[in-house]
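This report describes selected features of a predicted model.

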Protein chains: 2
Amino acid sequence: MSRNLPSKQEFIDGILSGSRMLLSRAITLIESTKEAHQDLAQEIIEGCLPHSGQSVRIGVTGVPGVGKSTFIEAFGNHVIEEQNRKLAVLAVDPSSSKTRGSILGDKTRMETLANNPNAYIRPTPTSGSLGGVARSTRETITLCEAAGFDTILIETVGVGQSETAVHSMVDFFLLLMLAGAGDELQGIKRGIMEMADAIAINKADSGNEDAARRAMSEYKNALHLFPPTESGWIPKVTTCSAYHEKGIPEVWNIVDEYLRHTKAKGFFDQKRKQQAAYWLNESIQQELHAAFYNNPALKVKLEGYRQQVQDGEISSYKAAKDLIRLFLNHS
Amino acid sequence: MSRNLPSKQEFIDGILSGSRMLLSRAITLIESTKEAHQDLAQEIIEGCLPHSGQSVRIGVTGVPGVGKSTFIEAFGNHVIEEQNRKLAVLAVDPSSSKTRGSILGDKTRMETLANNPNAYIRPTPTSGSLGGVARSTRETITLCEAAGFDTILIETVGVGQSETAVHSMVDFFLLLMLAGAGDELQGIKRGIMEMADAIAINKADSGNEDAARRAMSEYKNALHLFPPTESGWIPKVTTCSAYHEKGIPEVWNIVDEYLRHTKAKGFFDQKRKQQAAYWLNESIQQELHAAFYNNPALKVKLEGYRQQVQDGEISSYKAAKDLIRLFLNHS
């Protein structure tokens, strides 16, 4: 990638004119660990920022087996063909570093979507911490928006910590569930249901329709137990069969209704601003951490202090105080 | 408290000679938000450090209603009267800032223990973040150990985030449960059972004995599903009735067996060293955070950058980079 690297301006112009090739190469720069790539990536992002933000960002979560890729394919096709939108599909799933990414495998299963010129599917980076993956996903959103994608779908597996990260970068959070299994059995982490703006009970087909309808009314009741959301939006519950492409327009209609509801009252922008402030604090924390732990003069000192703390010769608090003093004088 | 404040040396000598009054006053300094108190507290802690560490630190958790205070009283009396030990009871429960502390109220319920000269009960500080409370609890452990307490009991309510903090500062983690209610109903957070070195099913009395025994074998089976611990210790399950003081020596015997098991193989010291390293990193993070956010020159800049990030004029990553550069040049 390093040879024949386009210039910053070539990248920006290319992305703004919708070049998928340059978009992909820029995202690869974002995911690169090389400093030169990182620096160039940041310049591209800054150049794209003024042209970003005009999309709807949708998080989709659900445990493995809920039919996420089939749903994304059906939903994506509806959004593109019936709503005339352009769709980018990203993923946040650091654990997939072991399994080579959930979406990477799904790309073959999302055949019609992957071949649609109005869809762009980007697999999860195959390595990195949650913090790193979350950051590159947010930056990838910026580039995709600048490239003209007005619908961003961010997939995550609802069993780890990544949902909180995804929830903090999307406008709308959709939880896919199955009928006939308790939350417990579905492996959904506590707290995720409270994040959902809508729940879609998938696989409502093949004689499973009644169970799905019962589950729908159960979840509706359960959602009523949660405190009301800030915007006054009441999370919706619906059923669908992604495989048979049934109930999919209804899911989009819920998203659409949500957008009208939150935009009318200013909550849409307010939430984005809160998210921006949240990510600024997260970035500050990550940068502080990196500046401290990558400081070569401190590394030796830190090792010595760690030894002293472990031997009970100094309190961890005093050691931290001393180290921070050294850090601030030596940077 | 500020007038007639003993000197650092008077505090240290007093604590080492077992003065409960000076111990209490030193803990109050630890919990104080005044800088002068904090500085003195740190000097006292450093002076006590070489005389600390020689205790067994036991975490006790369980939801409200499980009988924690009754258990601590029965267990504490056994430890003091039958095992000839000296016991300090502390608590980590930041949420109790609203309810004025779980143990504060319990002190009257722990009447025999509170009046025992070999027991020292210290209520939770009534304010502060989890990080702050955790730190002051760790420092209080140091002082109590220096004052000659060889058994430290740290209580927490098993419903929040404080168990992780407590787990990272104790040698042994005991989970109190009730028979006849699923984990779900007992409100125990997922992951807590995996932290437990032992589970004691309390209230095994008044016709509840059979249910308690059934629960015991269920939990034993459940614990087998977890991956083995590093030390090879297999978590034990037992039943007790704290109210009728039954099964309490057996709980102590498990602690004792655990100590012999982990000390023989060096795991006891290894775990303490890991905990010390963990707390050093936590302290570094807290200090970095404080240095950054309390920097007066940065406060104004931060506000400006936050505005720009929220208006989409700059990426949070670039803003963080700039702010960290300013921070490191201005400190």
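## Interface between the chains

Together, chain B and chain A bury about 4,100 Å², and carbon and sulfur atoms account for 61% of it. The size of an interface is often expressed in this way, as the accessible area lost when the parts come together. In this predicted model, 48 residues from chain B and 48 residues from chain A take part in the contact.

Four salt bridges are found across the interface of chain B and chain A. One of the salt bridges pairs the side chain of B:Lys321 with that of A:Glu287, at 3.5 Å from N to O. Polar contacts between chain B and chain A number twelve residue pairs, with both residues at pLDDT 80 or more. On the side of chain B that touches chain A, the elements giving two or more residues are α3 (35-48), α8 (130-146), α14 (267-293), α15 (296-310) and α16 (316-330) of chain B. Helix α14(B) provides the largest share of that side, 16 residues. Sorted by class, the side of chain B that touches chain A comprises 23 nonpolar, twelve polar and 13 charged residues.

## Overall organisation of chain A

Chain A contains 16 helices and seven strands. Of its 331 residues, 52% are buried. When contacts in chain A between residues at least 6 apart in sequence are considered, 75% of them join residues at least 24 apart.

## Strand β4 of chain A

Strand β4 of chain A spans residues 151-157, and seven of its seven residues are buried. In a regular strand, side chains alternate between the two faces of the sheet. Both faces of β4(A) are covered: one side carries A:Thr151, A:Leu153, A:Glu155 and A:Val157, the other A:Ile152, A:Ile154 and A:Thr156, and all are buried.

Two strands of chain A pair with β4(A). Strand β1 (residues 56-62) of chain A runs parallel to β4(A) and is joined to it by seven bridges; here A:Thr61 stands opposite A:Thr156. Strand β2 (residues 87-91) of chain A is also parallel to β4(A), with five bridges between them. In this pairing A:Ala91 is opposite A:Glu155.

## A buried glutamate in chain A

A:Glu145 belongs to helix α8 (residues 130-146) of chain A. With a relative accessible area of 6%, A:Glu145 falls under the 20% cut-off and is therefore classed as buried. The side chain of A:Glu145 makes a polar contact of 2.7 Å with the side chain of A:Arg57.

Beyond residues up to four places away in sequence, A:Glu145 touches A:His51, A:Ser52, A:Gly53, A:Gln54, A:Ser55, A:Arg57 and A:Ile152. One of these residues, A:Ile152, is among the buried residues of β4(A).

## A buried leucine in chain B

Helix α7 (residues 111-114) of chain B includes B:Leu113. The relative accessible area of B:Leu113 is 0%, so B:Leu113 counts as buried.

Which residues surround B:Leu113, leaving aside its neighbours within four places in sequence? B:Leu113 is in contact with B:Ile72, B:Glu73, B:Gly76, B:Asn77, B:Ile80, B:Leu87, B:Val89, B:Ala119 and B:Ile121.

How values were computed:
Residues are numbered from 1 along each chain as its sequence is written. Chains are lettered from A and ligands numbered from 1 in the order in which they are written. This is a predicted model: local features need pLDDT of at least 70, side-chain atom pairs count only at pLDDT 80 or more; totals for chains, interfaces and linings use all residues. Side-chain values use heavy atoms; hydrogens and water are left out. Helices (H or I, at least four residues) and strands (E, at least two) are DSSP runs, numbered from the N terminus. Buried means under 20% relative accessible area, exposed over 50%, partly exposed in between (1.4 Å probe, protein chains only). Contact means heavy atoms within 4.5 Å. Two strands pair if DSSP finds at least two bridges between them. Buried area is the accessible area (1.4 Å probe) that two parts lose on being put together, summed over both. A polar contact is a pair of N or O atoms within 3.5 Å; within protein, one must be able to donate a hydrogen and the other to accept it, and residues adjacent in sequence count only if both atoms are side-chain atoms. Ala, Val, Leu, Ile, Met, Phe, Trp, Tyr, Cys and Pro count as nonpolar, Asp, Glu, Lys and Arg as charged, and the others, Gly among them, as polar.
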